[in-house]
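Please look over the sequence and the 3D structure below. Then read the short report that goes with them.

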Amino acid sequence: MAAISTEQAGAWLADYAQVIGENAAMLTDLDRQTGDADHGSNMDRGMKAVAALDVSSFDSPGALLKKAGMTLVSNVGGASGPLYGTFFLRFAGALDDGPDDASGLLGALRAGLEGIEQRGKAERGDKTMIDALAPAVEAFETQSGAGTSAALTAAAKAAARGRDEATDLIARKGRASYLGERSKGKQDPGATSMTLLLESAARTLGS
Ligand code: ADP
Ligand code: MG
Ligand code: MG
């Protein structure tokens, strides 16, 4: 048994697909200001393909999340497809191999973060999705003794704070970095979609 069930993993993906659909125009609008106006449509295309997976055909949460990651890599062009794809692939592997408590979920989140950092060669402070995910993993770790639900709630709040703090940064990775100083004051689309992912996790993965 992993830290979450296959059904919970399926509920997380379904919730996130719905939230991405509802926020696609907003995400694309943010990307219009710092990039090429496709982040919402990229994520929406990918998550619609993920939401079409048959959850009952997977025999572990990791098997489902691994397929979700591969689906994102193959359906989403641009930076975010391989980055979110890598997140889910690495998360999936660590989850199935990890313990069945909050520490198992922490290990999966940390593996996902490390996957994004390696794949994108970016670090915290570069004004990317990492600026939401890294503080979320930290907050999850701090709160993990209080149980999965409390840790996920803290993680989602930390992600939102990280997203907001990144707005004042100058982008050093991705298309927004072409703007240099002019990226300052603009909210990062990937940090915004990553916050939505953690808020979705807090709604669906607490036990
Ligand atoms: P593209 O920039 O290729 O059009 P998207 O618009 O879908 O891709 O995604 C842009 C988001 O991807 C950015 O807002 C940023 O958060 C994230 N991103 C871009 N490059 C990197 C990177 N090297 N590492 C981590 N995240 C990145
Ligand atoms: Mg873009
Ligand atoms: Mg693009």
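The report covers the ligand shell, some helices and a few loop residues.

## About the model

This is a predicted model, in which local features need pLDDT of at least 70, side-chain atom pairs count only at pLDDT 80 or more, and totals for chains, interfaces and linings use all residues. Residues are numbered from 1 along each chain as its sequence is written, while chains are lettered from A and ligands numbered from 1 in the order in which they are written.

Helices (H or I, at least four residues) and strands (E, at least two) are DSSP runs, numbered from the N terminus.

## Around ligand 1

The shell around ligand 1 holds 24 residues. Gly78, Gly120, Thr128, Gly174 and Gly190 are the closest. A residue counts as near the ligand if its C-beta atom, placed from the backbone, lies within 6 Å of it. Helix 8 gives the largest share, three residues.

By class, the shell has eight nonpolar, nine polar and seven charged residues. Ala, Val, Leu, Ile, Met, Phe, Trp, Tyr, Cys and Pro count as nonpolar; Asp, Glu, Lys and Arg as charged; the others, Gly among them, as polar.

A residue is buried if 20 or more other C-beta atoms lie within 10 Å of its own, exposed if 12 or fewer, and partly exposed in between; C-beta atoms are placed from the backbone. At 1.5 Å a residue, helix 8 should span 22 Å; its end C-alpha atoms are 23 Å apart, which agrees. The expected span is 1.5 Å times one less than the number of residues.

Helix 6 (130-143) has 14 residues, 11 of them buried, so helix 6 is also largely enclosed by the rest of the structure. The buried ones include Ile130, Leu133, Val137 and Phe140.

## Two helix pairs

Helix 1 (residues 6-34) packs on helix 2 at about 165 degrees, with the axes 7 Å apart. Axes are lines fitted to C-alpha atoms, for helices over the stretch in contact, and angles run from 0 to 180 degrees between N-to-C directions. The two helices are therefore roughly antiparallel. Angles under 35 degrees count as roughly parallel, over 145 as roughly antiparallel, 65 to 115 as roughly perpendicular and the rest as oblique. Their contact has 14 nonpolar, six polar and three charged residues.

Helix 3 (residues 61-75) and helix 4 pack at about 165 degrees, with their axes 7 Å apart. That makes helix 3 roughly antiparallel to helix 4.

## Loop residues

Most residues other than glycine have a negative phi. Which way does the phi of Ala37 go, positive or negative? The phi of Ala37 is positive, near 55 degrees. Ala37 lies in the loop between helix 1 and helix 2. Ala37 is partly exposed, with 15 C-beta neighbours inside 10 Å. Asp38 is found in the loop between helix 1 and helix 2. Asp38 is partly exposed, with 19 other C-beta atoms within 10 Å.

Lys127 has a positive phi of about 65 degrees, although it is not a glycine. Lys127 sits in the loop between helix 5 and helix 6. Lys127 is buried, with 28 other C-beta atoms within 10 Å.
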